[in-house]
Amino acid sequence: MKMTPFFQAILNRRMLICLFTGLVSGLPLYILISMLPAWLRTEGIGLKEIGLLTLVQIPYAWKFVWSPIMDAIKLPWLGLRRGWMLVSQLALLLCVCGYAFIDPTDLMWVAIISTAIAFFSASQDIVIDAYRREILPDEELGLGNSLHINTYRLSGLIPGSLALILADTMPWSTVFLIIALFLLIGIGLTLSIAEPKHQLPPRPTFQSAVIEPFHEFFTRHGLRYALAVLSFMVLYKLGDNLATALSTAFYLDKGYSLTEIGLIAKHAGLWPMIIGGLLGGLIMIRIGINRSLWLFGLVQIVSILGFAWLAEAEKSLWLLALIISFEYLGVGLGTAASVAFIAKTTSKAHAATQFALFTALAALPRTTLNTFSGFFAEWLGWTHFFMFCTLLAIPGMLLLFYIAPWNGATRSIPKYPIPPKDEDSLTAKSANISQST
């Protein structure tokens with residue numbers, strides 16, 4: 001029995017690969033943001049020192065700087081993508097194991113190893129994002145990226161839950177070695193998948209590696225369209241990101257206890273976000289990325305207004321669960337659509353460099369404007385703060401009229417022809433000379 005295109009887009013090996021890429025990408029990050037602080041705090045390290053150590057995550061924001069190297073230089077084994085994957089994964093395995101052999105009070109070594117983990121984790125993300133862009137047809141970008149994002153989030157349960165449970169009954173050094181074993185999944189994945197086809201053979205020159213990826217994007221459909229796309233990547237989830245930046249503080253100010261927040265708020269956020277991501281991927285297969293951006297963007301706006309309603313309402317656990325569930329359903333839907341749009345906009349010829357740049361831009365509000373969220377909340381008050389966040393979500397929606405109209409197709413990416421070999425090039429030049437004479 002022949003499957004319909006819808007089920008062909010769901011039931012294939014590419015979707016299975018996307019599940020595992022999310023798992024192996026998320027593990028190193030959650031080791032840094034969940035497991036590392038718990039280890040240091042239980043060993044008596046102060047909150048100021050633990051807070052300063054978050055600076056080791058800077059490589060995630062600057063990964064586009066070295067991404068051209070991974071687009072241009074092919075290592076002498078496994079191919080362009082798989083070679084860099086294996087190098088990053090082996091380095092991550094060694095670094096995480098390194099925690100087991102250092103004293104947590106030696107913060108210099110903790111910082112060195114943590115920075116190395118962030119660097120190799122960001123490097124792994126660069127090449128995995130590029131690999132995913134190259135193996136997924138355009139119609140599967142929505143679901144494939146949704147699966148990747150959701151297993152990325154679920155991977156946090158390993159260092160953020162399992163590791164903490166194990167640490168109650170065994171030394172942290174043993175726990176780190178056990179968690180490091182999960183990184184072998186990534187190595188197994190790299191060795192079992194095939195190298196994707198590349199539109200252009202890698203050319204280790206400054207022009208092709210650094211200049212061409214940016215030149216291609218800005219000249220593809222003109223400077224005006226390129227700037228509109230970059231603005232959209234920054235603005236589409238701007239209001240949504242700002243609204244959730246201080247969510248825990250907001251719940252506390254409304255009179256909810258830490259237990260209520262832990263039992264209701266956190267679970268009411270995680271699972272709807274995952275469901276939203278998966279549902280968004282399936283919807284995009286049906287209606288496409290453009291229309292999904294419109295629908296999911298509207299859901300995001302309405303969900304932010306839900307927080308404003310909660311700010312005005314009396315304390316109610318069922319209302320808290322309802323508002324949070326709807327908000328994070330919108331987060332899941334919006335993230336699925338925005339990442340699919342980023343992947344669609346990325347040229348396969350320069351997948352690593354452009355994908356790294358676009359994802360860094362999409363994360364810009366979270367790393368910049370969110371810093372001032374506390375000032376906005378204190379100045380405006382919670383209700384007006386969420387109204388302000390709603391207004392910030394509108395400019396990104398307005399840009400959809402230009403870059404992703406409801407009944408229009410997403411602008412295509414021209415395929416770059418593979419350049420001829422040297423002898424073919426000489427023949428072509430000779431023919432041109434003959435014709436001119």
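Predicted model: local features only at pLDDT ≥ 70, side-chain atom pairs only at ≥ 80, totals over all residues.
Residues are numbered from 1 along each chain as its sequence is written, and side-chain values use heavy atoms, without hydrogens or water.

Secondary structure next. We have 23 helices and zero strands. Both are DSSP runs numbered from the N terminus: helices are H or I with at least four residues, strands are E with at least two.

Now contacts, meaning heavy atoms within 4.5 Å. Take those between residues at least 6 apart in sequence: 83% join residues at least 24 apart.

Helix 8 covers residues 141-154. Of its 14 residues, 13 are buried. From first C-alpha to last, helix 8 reaches 20 Å, close to the expected 20 Å; that expected span is 1.5 Å times one less than the number of residues.

On to serine 114. Where does serine 114 sit? In helix 7, residues 107-135. Serine 114 counts as buried because its relative accessibility is 0%. Its side chain reaches the backbone oxygen of valine 110 at 2.7 Å. Leaving out residues up to four places away in sequence, serine 114 touches Leu32, Leu36, Val56 and Tyr99.

Last, isoleucine 58. This residue is in helix 4, residues 58-61. With a relative accessible area of 45%, isoleucine 58 is partly exposed.

Methods. Buried < 20%, exposed > 50% of the residue type's maximum accessible area, 1.4 Å probe, protein only. Polar contact = N/O pair within 3.5 Å; in protein donor to acceptor, adjacent residues only side chain to side chain.
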